[in-house]
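Take a moment to open the sequence and the model side by side.

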Amino acid sequence: MPAEVAKPGDPYVGITVNQKFYVEELLGQGGMGRVYKATHLTLERKVVLKMLHKTFLSAQSVVARFHREAKAASRLNHPNSIQIIDFGQAEDGTLFMAMEYLPGRDLARLITDEYPLNELRTIRIVAQILSALAEAHAQGIIHRDLKPENVMVEAKRDEPDFVKVLDFGIAKLTDP
């Protein structure tokens, strides 16, 4: 296990969360929380940890939304949907969600970098997004925040543009 040394300015980089996720670096942050690249120590696998800001722990609606995202995404077993690995609380009480790490780039970045995309490439990308959404709908999940930033694209074996739909943060579960 790496040495436990939190970096100045960030409470999680350099420490282990929930005795199994060693946090390596901050990938991004928003109004609700931060997203980190980490290693699952037992599985020796790269993961993404989504950590809810501690200030929201007393906001029941925000905590419920975070739980709903974990529950919705964990229902999905589709190659084009993000896979949830774990959900829980860090030692300091902060809620976290562990997801598969995707080394690609989001669709917004891909479009910015490579615009215009040819028609066949666009069709392959959109078909994968629609396939993931069709599975979500079959499971009673409506995404409600689909945008290029919530679609990751990576090269994978024979597929240069393998797609994963992520961020079910405001998903609506249509069945009880």
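This predicted model has 13 salt bridges, each counted when a side-chain nitrogen of Lys or Arg is within 4 Å of a carboxyl oxygen of Asp or Glu. Local features need pLDDT of at least 70 and side-chain atom pairs 80 or more, while totals for chains, interfaces and linings use all residues. Residues are numbered from 1 along each chain as its sequence is written, and side-chain values use heavy atoms, without hydrogens and water.

**Salt bridges**

- K46 and E24 join in a salt bridge at 2.7 Å, N to O; K46 sits in strand β4 and E24 in strand β2, 22 residues apart. (Strands are DSSP runs of E with at least two residues, helices are H or I runs of at least four, and both are numbered from the N terminus.)
- K46 is partly exposed at 38% relative accessibility, where buried means under 20%, exposed over 50% and partly exposed in between, using a 1.4 Å probe and protein chains only.
- D92 and K54 form another salt bridge at 3.5 Å, N to O. D92 lies in the loop between β5 and β6 and K54 in the loop between β4 and α1, so this pair ties together parts 38 residues apart in sequence.

**The sheet**

- Six strands make an open sheet in the order β1-β2-β3-β4-β6-β5, with antiparallel pairing; strands pair if DSSP finds at least two bridges between them.
- β1 and β5 stand at the edges with a single partner strand each, so one side of each has no neighbour in the sheet.
- Five bridges join β5 to β6, and I84 stands opposite M99 in β6.
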